[in-house]
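Please read them alongside the coordinates.

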Amino acid sequence: MSRIALITGASSGIGKATAEAFAKSNIDLILCGRRRERLRELSEALGPYVKTTTLEFDVRDRTGTFKAIDSLPSEWRNIDILVNNAGNAHGFGPVDEGDPEDWDAMLDSNVKGLLYLTKAVTPGMVQRGRGHIVNISSIAGKQTYANGTVYCASKAAVEALSEGMRLDLTQHGIKVTNIAPGAVETEFSMVRFKGDEARADKVYEGFVPLRAEDIADSIAYAVNAPAHVMIADITILAAAQAAATTVYRKS
Ligand code: 8X3
């Protein structure tokens with residue numbers, strides 16, 4: 001029997017790569033994001049392989065999130081896998097110079113948005129006695145670094161939420177996997193540095209960063225593990241990255 005996955009932030013980066021990896025595993029897809037055109041293109045590209053549908057909403061909008069999930073037709077309601085991927089970094093600098101707008105954006109999507117989706121989807125999983133939640137955290141959730149305080153705090157919250165969800169939901173047959181990537185070359189740095197391309201490019205200079213597909217491979221591994229196996233936590237770093245901010249670059 002094929003499974004249904006709901007992926008947030010599916011229009012680009014790790015979310016999009018995860019959708020592509022799931023399609024290869026014959027998992028039907030609810031593709032969620034803010035960018036309608038990109039979702040439509042991905043849905044059309046994967047349509048020949050698996051069933052797909054799209055939901056356009058912003059995870060920061062609590063009412064909109066619940067409304068979107070409620071709007072799913074009956075054949076899409078039994079969600080087997082929730083990938084809480086939507087999230088981002090906004091701004092980079094010491095906390096005393098931080099912009100509260102950036103803090104709100106990070107906490108609202110990375111923490112509260114993840115919770116809204118979890119609340120919208122898990123009661124059905126509990127009822128059915130099975131399910132799998134994959135939370136996309138970061139090495140930044142395990143190691144705080146200078147100039148990234150609030151982003152790191154938001155990801156530390158994801159780490160705690162993954163642990164807590166496992167404590168609350170394992171009894172209902174629901175697996176929880178926490179994925180903590182290091183430096184992945186996506187739109188991540190462009191968003192963090194607010195479109196400053198030169199600064200974003202510098203992050204990935206002098207070493208081979210991870211690709212979104214590398215992370216998607218691990219997510220697919222976790223959701224395809226045998227029923228009795230729960231992949232609890234995976235940290236994935238670039239081979240040249242010893243720790244969050246320790247990257248060995250070749251000039
Ligand atoms: C993003 C990865 O290395 O900037 O979550 O913390 S890093």
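1. Ala-89 sits in the loop that links β4 (81–84) to α4 (100–128). The model is a predicted one, and the points below should be read with that in mind. Is Ala-89 buried or exposed? With 22 other C-beta atoms within 10 Å, Ala-89 is buried, because the cut-off for that class is 20 or more.

2. The contacts of Ala-89, apart from neighbours within four places in sequence, are Met-106, Tyr-151, Phe-188, Val-191 and Arg-192.

3. Helix α1 covers residues 13–24, which makes 12 residues. From first C-alpha to last, α1 reaches 17 Å, close to the 16 Å expected at 1.5 Å a residue. Just after α1, Asn-26 has a positive phi of about 65 degrees.

4. How many of the 12 residues of α1 are buried? The count is 10, and the helix is mostly covered. Gly-13, Ile-14, Gly-15, Lys-16, Ala-17, Thr-18, Ala-19, Ala-21, Phe-22 and Ala-23 make up the buried set.

5. Nonpolar side chains tend to be buried together in soluble globular proteins. Not counting residues up to four places away in sequence, Ala-19 touches Ile-7, Ala-10, Leu-29, Leu-31, Leu-42 and Leu-46.

6. Strand β2 (residues 28–33) is largely enclosed by the rest of the structure, because 6 of its 6 residues are buried. Side chains in a regular strand alternate between the two faces of the sheet. In β2 both faces are covered: one side carries Asp-28, Ile-30 and Cys-32, the other Leu-29, Leu-31 and Gly-33, and all are buried.

7. Strands β1 (residues 4–7) and β2 run parallel and are joined by 4 bridges. Which residue of β2 is the bridge partner of Ile-4? That partner is Asp-28, a buried residue of β2.

Notes. Residues are numbered from 1 along each chain as its sequence is written. This is a predicted model: local features need pLDDT of at least 70, side-chain atom pairs count only at pLDDT 80 or more; totals for chains, interfaces and linings use all residues. Helices (H or I, at least four residues) and strands (E, at least two) are DSSP runs, numbered from the N terminus. The expected span of a helix is 1.5 Å times one less than its number of residues. Two residues are in contact if their C-beta atoms, placed from the backbone, lie within 7 Å. Two strands pair if DSSP finds at least two bridges between them.
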